[in-house]
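User: I'd like to learn how to read pockets and cores in a model like this one. Could you walk me through it?

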Amino acid sequence: MKGCVFCRIIERELPSRIVFEDESILAIEDINPQAPIHILIMPKRHYSTLPECDDAGLLGRMVATAKEIARERGVEEKGYRLVMNINREGGQTVFHLHMHLLAGRPLSGKLG
Ligand code: AMP
Ligand code: ZN
């Protein structure tokens with residue numbers, strides 16, 4: 001979608017550090033990491049936010065991708081966190097559906 005930062009990354013119009021890519025998903029390093037490992041997993045197709053996306057298969061593949069990256073980075077056993085911020089009160093700032101994978105430091109048990 002025109003003007004969407006993540007669409008521009010997917011189209012290679014903006015630089016990013018790509019961690020994983022297949023036909024439907026891209027995973028990149030977050031530009032402002034909140035933990036030693038902070039990766040964003042996003043569909044290549046533009047959905048602005050979760051309620052817009054009814055593709056359960058795609059959503060499942062996003063989780064499976066996060067799980068695989070966590071395994072590759074060796075944080076499975078220590079632990080990690082998957083977060084999806086949804087719309088304004090959910091803390092979403094970039095309106096292209098994405099999931100955060102955070103790991104590499106103890107993450108607070110508190111949410112919000
Ligand atoms: P959210 O608040 O869930 O919408 O998260 C948006 C995330 O995108 C934030 O963690 C930002 O640091 C990250 N971000 C914004 N622009 C870029 C970019 N150009 N490359 C990588 N990550 C980005
Ligand atoms: Zn987009």
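User: What does the lining of the second largest pocket have, by class?

Analyst: A pocket is an open set of points on a 1 Å grid over the protein atoms alone, where a 1.4 Å probe fits, with protein on both sides within 12 Å along at least five of seven lines; lining residues have an atom within 4 Å of a point. Ala, Val, Leu, Ile, Met, Phe, Trp, Tyr, Cys and Pro count as nonpolar, Asp, Glu, Lys and Arg as charged, and the others, Gly among them, as polar. Here the lining has four nonpolar, six polar and three charged residues. Nearest the centre of this pocket are Arg-81, Val-83, Leu-102, Arg-105 and Lys-110.

Do keep in mind that this is a predicted model: local features need pLDDT of at least 70, side-chain atom pairs count only at pLDDT 80 or more, and totals for chains, interfaces and linings use all residues. Residues are numbered from 1 along each chain as its sequence is written, chains are lettered from A and ligands numbered from 1 in the order in which they are written, and side-chain values use heavy atoms, with hydrogens and water left out.

User: And the largest pocket: which residues are the closest to its centre?

Analyst: Phe-6, Asp-30, Ile-31, Asn-32 and Leu-40, out of 22 lining residues. By class, that lining has nine nonpolar, 10 polar and three charged residues.

User: Which residues have the most contacts inside the largest nonpolar core?

Analyst: Such a core is a set of buried (under 20% relative accessible area, 1.4 Å probe, protein chains only) Ala, Val, Leu, Ile, Met, Phe, Trp, Tyr and Cys residues joined through side-chain atoms within 4.5 Å. This one has 17 residues, with Ile-39, Ile-41, Met-62, Ile-69 and Leu-101 having the most contacts inside it. Leu-101 touches (heavy atoms within 4.5 Å) Ile-39, Ile-41 and Ile-69, among others, not counting residues up to four places away in sequence.

Notes. Buried < 20%, exposed > 50% of the residue type's maximum accessible area, 1.4 Å probe, protein only.
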